[in-house]
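This briefing walks through one protein chain, topic by topic, for a reader who is new to looking at structures. Please keep the sequence and the 3D view at hand while reading.

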Amino acid sequence: LCFVLALGIFLRFWQLGSVPAGLNIDEVSEGYNAYSILKTGKDRYGKTFPILFKSFGSYQAPVYTYLTIIPVSLFGLNIFAVKVVSAVSGILVVIFTFLIVNLLLKKEKNRVGLIAGLILVISPWAIFFSRVATEASPALAIFLIGFYLSLKSTKFVKLFPLACLFFGLATHAYYSERVISLLFLLLFTWINRKSLLKYRNWVIAGFFVFGLTQIPHLLILKTGAFSTRLTQVSYLESSSFESHGGSLRQITLGRVLFITREFASQYSAYFSPRSLFFEPDDQPARSIPDLSVFYNWMIFPY
């Protein structure tokens, strides 16, 4: 485990300030807003401790920016400081993946947990996103901490409110977690209802804690800031159907078929060997050149 973590730290922190070179506009926004909050308590638009940070054509979830205040105060406003939160998050993801696998597969915990951790340490996607300033990095780390605590809560129910706290914080780290955290929490509680509901007060307390973390979302629910990102990426909008529906636009239930097709296509893409092992992301800013999510040779254990 020490070897896996040491390798993970090396691959995530070695020349972090220069590889990959420079910062994209989203990273610049994260870093400068953190610096502005540190110095003035306001973002670059003059908003005092905002719930969401206005960026270039969209809004950024706040957790990454607020956490970046710490390295910016320690190392100054530079590329390394802006990326530190992602790198640390990458290490936390490795640690909690190891712990979660150990908890789920108790009979083979040492071997399987270490293999899972090692695969994660060397995987191109995990290395890349640990070396760029993206909200997805701390979001995944926070979610996995909540995941681990929720598994532990089936035996130590007092941990359930703490797990709910991390799931709630994850919703402020990245937009996807607004859906994923709530669905996971509800399904986890239902699946483990026999063990959890013996201590109903702790479960109620957990959901109360989760509810408290959602108050900031409710405060901006009716603003454009809350739904801008969903509008940009959703295929549920009528405009998406009009632009990409093709011949389905001529059919009575064409929009329903279009949404079904898009969901099936995008969901299955996550399990496609071509997507996982051979094709890099279409957006150069989202992947390492000529590498897919995993290395080609990893298709054999897959």
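This is a predicted model: local features need pLDDT of at least 70, side-chain atom pairs count only at pLDDT 80 or more; totals for chains, interfaces and linings use all residues.

Is R274 buried or exposed? R274 is exposed, since its relative accessible area is 53% and the cut-off for that class is over 50%.

**The chain as a whole**

- The chain is built with 16 helices and two strands, and its radius of gyration is 21 Å, close to the 19 Å that the globule rule gives for 302 residues, so the chain is as compact as a globular protein of that length.
- Of the 302 residues in the chain, 39% are buried.

**Helix 8 and its surroundings**

- Helix 8 (residues 160-170) and helix 9 (residues 176-191) have axes that come within 8 Å and cross at roughly 155 degrees, and because angles over 145 degrees count as roughly antiparallel, these two helices are roughly antiparallel to each other.
- On the side of helix 8 the contact is made by F160, C164, F167 and A170, while helix 9 contributes E177, S181, F184, L185, F188 and T189.
- Sorted by class, the contact of helix 8 with helix 9 has seven nonpolar, two polar and one charged residues.
- The buried residues of helix 8 are F160, P161, A163, C164, F167, G168 and A170, and what covers them includes helix 7 (136-152), helix 9, helix 10 (193-196) and helix 11 (200-213).

**Salt bridges**

- Side chains of opposite charge can pair when their charged atoms come close.
- How many salt bridges does a search of the whole structure find? The search finds two.
- In one of them, the side chains of R261 and E262 meet with a distance of 3.4 Å from N to O, and R261 is partly exposed, with a relative accessible area of 39%.
- Another salt bridge joins the side chains of E279 and R274, with a distance of 3.5 Å from N to O; here E279 counts as partly exposed at 39% relative accessibility, whereas R274 is exposed at 53%.

**Backbone details**

- A cis peptide bond, with omega about -5 degrees, joins V19 and P20, and P20 lies in the loop between helix 1 (2-13) and helix 2 (25-40).
- Where is the place of Q15? Q15 is also in the loop between helix 1 and helix 2, and this residue has a positive phi of about 50 degrees although it is not a glycine.
- Q15 is partly exposed, because its relative accessible area of 39% falls between the limits of 20% for buried and 50% for exposed.
- D290, a residue other than glycine, has a positive phi near 65 degrees, and its place is in the segment after helix 16 (273-278).
- With a relative accessible area of 70%, D290 is exposed.

Key: Residues are numbered from 1 along each chain as its sequence is written. Side-chain values use heavy atoms; hydrogens and water are left out. A salt bridge is a side-chain nitrogen of Lys or Arg within 4 Å of a carboxyl oxygen of Asp or Glu. Buried means under 20% relative accessible area, exposed over 50%, partly exposed in between (1.4 Å probe, protein chains only). Axes are lines fitted to C-alpha atoms, for helices over the stretch in contact, and angles run from 0 to 180 degrees between N-to-C directions. Helices (H or I, at least four residues) and strands (E, at least two) are DSSP runs, numbered from the N terminus. Angles under 35 degrees count as roughly parallel, over 145 as roughly antiparallel, 65 to 115 as roughly perpendicular and the rest as oblique. Contact means heavy atoms within 4.5 Å. Ala, Val, Leu, Ile, Met, Phe, Trp, Tyr, Cys and Pro count as nonpolar, Asp, Glu, Lys and Arg as charged, and the others, Gly among them, as polar. The radius of gyration is taken over C-alpha atoms; the globule rule is 2.2 Å times the number of residues to the power 0.38.
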